[in-house]
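Please open the structure in the viewer and keep the selection panel at hand.

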Amino acid sequence: MFTEIFDKILSLLHEKRETIFGVLIVALLCFTIYAQYGYTNEDKASYQAEIAAAKTKYDEDIKILRVNYINAQVEFNEEISSCHRDCRAKVDSLEEFYFNEFRKLQKKVNNIDNRINQIVQ
């Protein structure tokens, strides 16, 4: 049985050699095109997956940057408020010091006026 099949294949090969090679070449070209098409689709799918992963990562990075920006703004505002409080406290202490100095000098001037008035009378 195998010999009969083999003989039939050999007879086909001798009789229609050009047709068989033509069909083989066309089949080989079709297989190559199909394989290249499948490879291209796989690349597109993997690139799309990589793009989606990169977009997700960038979105997370942007969220982290926004949170860090907000935290930095809050910290900056707290530091500015602290600086304003310190400045106000220092200005108040200076005002109080110079007010007390003014009061002392005013008392001295009043005492001198009183003495002058006593001397004049």
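Select Ile9 to begin: in this predicted model, Ile9 is exposed because its relative accessible area is 52%, and exposure requires a value over 50%. Ile9 is located in helix α1, which spans residues 2-15.

How many disulfides does the count come to? The count comes to zero. Select Cys83 and Cys87 to see this in one place: the sulfur of Cys87 is the nearest cysteine sulfur to that of Cys83, at 4.1 Å, and Cys83 is in no disulfide. Cys83 counts as partly exposed, with 43% relative accessibility. Then move to Cys30, which is likewise partly exposed, at a relative accessible area of 47%.

The last stop concerns aromatic rings. A pair of such rings is described by the distance of the centres and the angle of the planes. One aromatic pair is found in a search of the whole structure. Select Phe97 and Tyr98 to display this pair: the ring centres are 5.2 Å apart and the planes are at 75°, an edge-to-face arrangement. The angle of 75° is over 60 degrees, and therefore the pair counts as edge-to-face.

Finally, colour the two residues by accessibility. Is Tyr98 buried or exposed? Tyr98 is exposed, with a relative accessible area of 54%, whereas Phe97 is partly exposed, at 43%.

Definitions and conventions:
Residues are numbered from 1 along each chain as its sequence is written. This is a predicted model: local features need pLDDT of at least 70, side-chain atom pairs count only at pLDDT 80 or more; totals for chains, interfaces and linings use all residues. Side-chain values use heavy atoms; hydrogens and water are left out. Helices (H or I, at least four residues) and strands (E, at least two) are DSSP runs, numbered from the N terminus. Buried means under 20% relative accessible area, exposed over 50%, partly exposed in between (1.4 Å probe, protein chains only). A disulfide is a pair of cysteine sulfur atoms within 2.5 Å. Rings of Phe, Tyr and Trp (its six-membered ring) pair if their centres lie within 6.5 Å; planes under 30 degrees apart count as stacked, over 60 as edge-to-face and the rest as tilted.
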